[in-house]
Amino acid sequence: MFDFTTETFSSLISIFSAVIGLGYPVLLQSIQRIDEQYCSVRLAYRFQQEISFKFFQFILFSNIIISILSPFVIYLLPVDFSNYVVSVQTVFILALLLCSFNLFNIIRIYYYPKDLITRLEKSSKELKPKDINLLQEDENNKYVNELMNIFDISVYGSQKENYDIYFSALSIVLHNFSDYHNSSDVEKPVVYPKGMMRILDEIRRQSVKSNEQKFFYKYNSITPFIYNESFKRKISEETYHYIWTTLNDVINSNNKGWFNQYWSYSDQYYRFVLSPIMREENSFINDTDKNRFFELHVMIGALLVYNKKYDWLKDIMYFTNQTPAHYDLIPGTFIAILNLAKEIDSMASFMHHRLLSSVYPFVGMKADVNTSYYIQNESIKYLSLLVIRLFIFDDYNINCCEPLELPSVPNNISDNKYNIGILRSIINGVDFWYDGKNIKKIHFNSTIPQKKEVIGLLNSYIKSCEEKIKDIIDNPKIDKRKISRIKDELYNYEEKYKKNVITDKSPYLNEIDKESYCLRNMSLPYSYKFERSEICEGVQNISVNLEEVLMQSLFNSLQRYYTSFFITIRSNADYTIQHSDILKALDCLELDSTQHIIFCQGVYLGNFENLYGKQENLTIYNDEIYYKNIPVIDIPSQERSLLILKKTDVPFYEFLKKVDEKDEHLALIKSESSLYSNIDNIDPINPILELKYYLRFYYKDEFKYIRIKISYNLPIGNVGDINKIQPF
């Protein structure tokens with residue numbers, strides 16, 4: 001007799017067993033085959049992340065549980081409920097079958113690269129963020145990972161020499177890169193997100209695998225993207241670093257075809273994007289970008305020299321995309337070559353912000369403290385080769401100037417000595433090419449110039465520099481710009497230090513009755529012998545703070561005379577107190593802000609509150625100090641004391657106009673100044689600078705003042721004379 005429940009249950013168990021026994025092993029084999037077919041762990045992982053795969057695992061796990069439990073449930077439940085259990089199991093088995101069919105369709109898609117490209121492209125569009133610049137914030141976002149999966153298919157196409165698959169997949173990846181390019185800020189260099197840099201690094205690695213990656217090795221796919229004429233964006237230093245790293249790898253892998261494509265794209269980019277003639281009027285690209293790009297390609301030449309790629313050097317030196325011929329990325333004049341040699345020399349210095357070994361590392365070169373100089377040496381060899389090339393390409397029409405024209409000779413000794421040093425290093429480079437017969441390995445299409453011709457050109461400029469140095473030394477001339485700067489600095493420091501001198505113009509003195517004062521006419525001379533470098537043309541100025549030192553010496557003399565005057569006048573009272581009791585002592589004097597003034601000799605009250613806390617009667621404002629509105633004036637002195645006197649008794653200076661007829665050679669450095677000098681007619685042979693002040697010192701023979709000496713080391717418990725101080 002047919003039992004529906006029993007027979008149906010048995011059938012379901014059979015179907016489930018078939019799915020388990022056949023379907024699941026096939027699934028595992030599919031994952032392995034995807035990995036083996038594409039040689040990509042990423043795509044195998046991507047398959048396991050498919051919703052169909054995950055749902056299949058869930059349904060399969062559920063069926064296992066139901067198949068194990070259902071016999072016991074049927075046995076325990078009444079007969080009427082058995083059909084319900086079988087119905088539930090039927091639904092799950094049906095779901096498992098449907099899910100299996102869907103999963104097998106996904107497996108079929110993964111087996112066919114074109115179908116998989118279409119699926120992944122659709123997925124990448126869905127995952128693509130609305131603001132693509134957000135990629136900067138997440139290196140491992142799903143959108144970038146999907147692009148990496150598509151890129152792996154292009155690698156597969158390259159391996160199998162299937163250009164259609166290779167090109168289709170890579171085009172999708174680069175198209176998404178272009179979207180990022182176009183959405184970036186036009187005013188700033190393009191900095192690729194870390195995720196995109198992972199893809200670029202993969203392209204670089206695949207481009208040097210000659211046996212495995214036919215198309216990546218054969219076709220330069222990344223350069224036309226980075227140097228795209230339609231983008232017109234600044235190139236970032238990170239991108240330059242990537243390009244340099246890629247070129248190192250390509251040259252070391254001997255991928256000449258890839259390199260020649262690179263040079264062709266670079267030449268077009270320079271001509272149509274960076275060249276000032278082709279640059280758009282409102283373009284954010286400027287000469288700095290052009291020079292950076294040009295510098296890179298000069299260093300590429302040095303890299304070729306280092307790797308002994310002499311046939312590659314010939315290719316770039318003869319490469320042109322124009323008629324008549326023009327070589328945009330090759331320095332074509334002696335002047336340009338010399339300037340580049342100087343720039344590279346400066347980059348070899350540790351003080352340069354773009355150290356040569358950091359910006360242009362050479363793979364395989366010894367890495368130590370002198371690496372930058374090793375790189376510079378290879379660069380000089382390349383520039384020396386370009387000097388030789390000038391004789392072969394000696395055509396005005398190439399650069400619209402004479403290639404062999406020498407630059408003007410600098411008007412200073414240091415620059416000429418520097419030029420001589422650079423030129424001698426280039427001569428050493430010329431020796432490398434001729435003495436080692438390396439020049440013949442270039443296989444120029446024209447006759448190679450004689451070594452003596454090349455050396456003669458370099459020596460002629462060296463001779464001009466040496467003659468200029470001799471002329472500067474034998475015939476010194478005053479540098480008017482240096483003289484003007486010295487005068488300006490002297491005046492600035494005069495204004496600074498004059499504020500600390502008590503004069504008839506001092507704001508804290510009452511109206512002065514000069515008739516009540518005695519006076520002394522005096523002059524304050526000072527002399528200094530210049531080094532030629534400080535005032536003559538053609539010599540680098542090496543002095544530091546010279547003007548400040550000169551003015552400080554003059555005003556120190558004024559202050560010493562001023563403080564010594566009080567030594568000659570006996571004070572009306574002398575007290576000695578501790579430093580902490582200064583304000584208490586001033587309180588005891590009961591001073592009047594309209595009549596009195598306080599001089600601090602060798603004592604500074606600006607930090608008094610820092611030492612002893614907030615003081616009610618002490619005010620500090622813009623470096624001016626007041627005690628109960630009484631000005632406190634600092635006077636430099638070795639003595640530590642306070643001088644208290646009436647404003648009407650204060651001695652002071654008056655700066656005068658020149659009064660000594662024998663000083664006709666002296667003149668004011670500026671009309672607003674009081675300082676006289678011979679700087680305008682100083683002798684360049686014997687450059688002695690004379691400085692002079694004419695002054696009048698006003699003082700009174702007799703006046704009252706109090707001296708309070710400040711001590712820092714009174715015995716413990718000794719308060720000095722604080723209790724003896726009487727009102728002034």
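Before anything else, I noted what a helix or strand is here: helices (H or I, at least four residues) and strands (E, at least two) are DSSP runs, numbered from the N terminus.

**Entry 1: ground rules.** I'm working with a predicted model, so I kept in mind that local features need pLDDT of at least 70 and side-chain atom pairs count only at pLDDT 80 or more, while totals for chains, interfaces and linings use all residues. Residues are numbered from 1 along each chain as its sequence is written, and side-chain values use heavy atoms, with hydrogens and water left out.

**Entry 2: the whole chain.** I looked up the helices and strands and got 25 helices and twelve strands. Next I checked burial, where buried means under 20% relative accessible area, exposed over 50%, and partly exposed in between (1.4 Å probe, protein chains only). Of the 728 residues, 48% count as buried. Then contacts, meaning heavy atoms within 4.5 Å. Among contacts with a separation of 6 or more, 77% are between residues 24 or more positions apart.

Entry 3: I went to N254 in the loop between α11 (237–252) and α12 (256–274). Its phi is positive, about 65°, although N254 is not a glycine. N254 is partly exposed, with 45% relative accessibility.

E590 also has a positive phi, about 50°, and is not a glycine. I found E590 in the loop between α24 (582–589) and β3 (596–601). Is E590 buried or exposed? It is exposed, at 56% relative accessible area.

**Entry 4: helix α7 and its partners.** For helix pairs, axes are lines fitted to C-alpha atoms over the stretch in contact, and angles run from 0 to 180 degrees between N-to-C directions. Angles under 35 degrees count as roughly parallel, over 145 as roughly antiparallel, 65 to 115 as roughly perpendicular and the rest as oblique.

I started with α5 (residues 113–127), which packs against α7 at about 5°, with the axes 10 Å apart. That makes the two helices, α5 and α7, roughly parallel. On the α5 side I listed P113, K114, I117 and E121; on the α7 side, D164, I165, S168, A169 and I172. I sorted them by class (Ala, Val, Leu, Ile, Met, Phe, Trp, Tyr, Cys and Pro are nonpolar, Asp, Glu, Lys and Arg charged, and the others, Gly among them, polar). This contact of α5 with α7 has five nonpolar, one polar and three charged residues.

Then I turned to α7 (residues 163–183) with α8 (residues 194–206): their axes come within 12 Å and cross at roughly 135°. So α7 and α8 are oblique to each other. From α7, L170, V173, N176, F177 and Y180 meet M196, I199, L200 and I203 of α8. I sorted these into eight nonpolar, one polar and no charged.

**Entry 5: α15 and α19.** The axes of α15 (residues 334–347) and α19 (residues 413–435) come within 10 Å and cross at roughly 100°. That is why I wrote them down as roughly perpendicular. Residues in this contact include F334 and L338 of α15, and Y418 and I422 of α19. The contact splits into seven nonpolar, two polar and two charged.

**Entry 6: D649.** Last stop was D649, in the loop between β7 (641–646) and β8 (652–655). D649 is buried, with a relative accessible area of 12%. Which residues does D649 contact, leaving aside its neighbours within four places in sequence? I noted Y517, K700, F703 and K704.
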